[in-house]
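Biologist: I have a protein model open and would like to learn how to read it. Could you take me through some of its features?

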Amino acid sequence: MESYYVPYLRTHLHQFAASVSAASCEEGAGDDEECRDEAAALRLKMVAVAAILIAGAVGVAIPLVGRRRRGGGGGGGEGASSGGGTFVLAKAFAAGVILATGFVHMMHDAEEKFADPCLPATPWRRFPFPGFIAMLAALGTLVMEFVGTRFYERRHGEEASAAAAARDDTTALLEDGALAGIAAAAVSGDDEKQDAMHIVGMRAHAAAHQHSHAHGHDACDGGAVYDAHAQAHAHGHGHDHGHGGDERPSQAHHVVVSQILEMGIVSHSVIIGLSLGVSQSPCTIKPLVAALSSHQFFEGFALGGCISEAQFKNFSALLMAFFFAITTPIGITVGAGIASFYNANSPRALVVEGILDSMSSGILIYMALVDLIAADFLSRRMSCNPRLQVCSYVALFVGAIAMSSLAIWA
């Protein structure tokens with residue numbers, strides 16, 4: 001009985017070892033031998049490093065420069081955070097780019113890796129690993145956003161509490177002064193009494209006006225004025241109150257979103273840079289240079305919009321932009337250095353790349369749908385402006401289609 005199970009176990013152990021082995025796989029391995037030219041490939045890799053670096057830097061810089069021209073370098077404010085209609089359209093275009101990157105580029109690459117014949121059928125082709133890993137990554141992103149936002153808010157809570165306490169003290173003093181003015185008006189005469197009653201009437205009207213908006217009445221009337229008031233009110237209370245269905249996400253949320261988004265984009269950028277760097281075929285590299293340059297430009301534009309909305313200080317924003325811009329060129333450089341012994345078709349490389357692509361896909365799909373599209377397209381500002389709504393949908397579809405079309409070459 002024991003001798004019966006020994007060959008069975010040995011076979012499965014060999015299959016498992018082969019799945020994580022770094023040994024080469026002859027089936028489908030390597031570049032096209034007819035077009036193999038290491039010297040020409042190296043020259044094209046140098047061109048690719050420069051072109052992709054410039055494209056990524058320009059793409060991520062455009063929203064950041066636009067933020068500085070709208071609302072100043074580090075302050076923020078309404079003009080800097082939400083901008084005009086142009087900035088809303090740019091965000092919609094960027095959301096389409098991120099969504100297409102997750103669905104069309106990363107998910108497809110992950111499926112190709114796990115379906116490669118160099119991997120054994122069990123377990124890699126017996127279970128839909130790309131979708132499963134992407135789902136876990138999306139759920140993990142949800143948890144990371146919640147925990148990260150709470151941590152950031154708690155970390156900066158002392159400053160916000162001190163500022164709120166100072167504002168409350170000032171408000172209390174003003175209210176005491178107003179009440180004292182009313183009492184003085186009651187003694188001093190009719191004219192001053194009318195002024196005091198006018199102050200009380202204005203405060204009652206403001207309270208009723210705010211109450212009516214809180215219950216959704218006339219949501220689109222005076223929306224711009226009320227949005228500014230609601231944002232100032234939310235900022236003054238440290239974003240702790242949950243009333244108001246259209247309250248904008250806090251700055252802490254935007255900070256966490258931009259950092260998670262960069263993590264998802266960068267992991268994919270390393271893989272595509274490494275894949276181009278290890279190639280020794282000019283026929284493979286030539287179309288990738290233009291395609292990956294456009295790829296990095298669009299992704300940089302989307303990431304730059306999120307960094308701009310998070311209102312980082314100048315140095316932090318520059319550091320995140322720089323890190324994104326150099327990731328793919330570094331991947332190409334590393335790939336060129338290890339091209340002589342690295343085999344992209346080895347089972348270990350295929351599994352690692354497939355897992356990373358699946359995780360990046362889940363992260364970007366979640367963030368595109370939840371943090372970029374739903375946050376803007378379901379807002380009152382969008383629903384109360386039909387023209388902006390139509391233009392935003394057009395920008396969303398254009399961004400998604402433009403990024404998807406690059407899958408023909410990359």
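Modeller: This is a predicted model, and what follows is a set of questions and answers about it.

Biologist: How many cavities of 30 Å³ or more does the model have?

Modeller: Rolling a probe the size of a water molecule over the atoms shows where empty space is left. By this rule, the count of cavities of 30 Å³ or more is one.

Biologist: How much space lies in the largest cavity?

Modeller: Its lining includes K91, A94 and A95. A302, G305, C306, E309 and L372 also line the largest cavity. The space inside comes to about 50 Å³.

Biologist: Which helix supplies the largest share of that lining?

Modeller: Two helices, α4 (85–114) and α11 (282–310), each give at least two residues to the lining of the largest cavity. Four residues are the largest share, and they come from α11.

Biologist: How many residues of the lining are charged?

Modeller: Sort the lining of the largest cavity by type. Five residues are nonpolar and one is polar. The charged ones number two.

Biologist: Which residue forms a salt bridge with E309?

Modeller: Side chains of opposite charge can pair when their charged atoms come close. For E309, the closest N and O atoms of the pair are 2.7 Å apart. The partner sits in helix α4, while E309 is in helix α11, 218 residues apart. That partner is K91.

Biologist: Is K91 buried or exposed?

Modeller: Buried means under 20% relative accessible area. K91 has a relative accessible area of 15%, so K91 is buried.

Biologist: How far apart in sequence are K91 and D376?

Modeller: Their side chains meet in a salt bridge, 3.0 Å from N to O. K91 lies in helix α4 and D376 in helix α13 (residues 347–377), so the bridge ties together parts whose separation in sequence is 285 residues.

Biologist: Where does the partner of K113 lie, and which residue is that partner?

Modeller: The K113 salt bridge spans 3.7 Å, N to O. K113 lies in helix α4 and its partner in helix α13, so parts 240 residues apart in sequence are tied together.

Biologist: Is M135 buried or partly exposed?

Modeller: M135 lies in helix α6 (residues 129–155). With F127, F132, L136 and L139, M135 makes a nonpolar surface patch of about 460 Å². Its relative accessible area is 43%, so M135 counts as partly exposed.

Terms used: Residues are numbered from 1 along each chain as its sequence is written. This is a predicted model: local features need pLDDT of at least 70, side-chain atom pairs count only at pLDDT 80 or more; totals for chains, interfaces and linings use all residues. Side-chain values use heavy atoms; hydrogens and water are left out. Patches are made of residues with over 30% relative accessible area and no salt bridge: like charges are joined within 9 Å, nonpolar side chains (Val, Leu, Ile, Met, Phe, Trp, Tyr) within 5 Å. Accessible areas come from the Shrake-Rupley method with a 1.4 Å probe; for residues, only the protein chains shown count as cover. A salt bridge is a side-chain nitrogen of Lys or Arg within 4 Å of a carboxyl oxygen of Asp or Glu. Buried means under 20% relative accessible area, exposed over 50%, partly exposed in between (1.4 Å probe, protein chains only). On a 1 Å grid over the protein atoms alone, a cavity is a set of points where a 1.4 Å probe fits but cannot get out, and a pocket is an open set with protein on both sides within 12 Å along at least five of seven lines; lining residues have an atom within 4 Å of a point. Grid points are joined across faces, edges and corners, and a volume is the space filled by probe spheres set on the points. Ala, Val, Leu, Ile, Met, Phe, Trp, Tyr, Cys and Pro count as nonpolar, Asp, Glu, Lys and Arg as charged, and the others, Gly among them, as polar.
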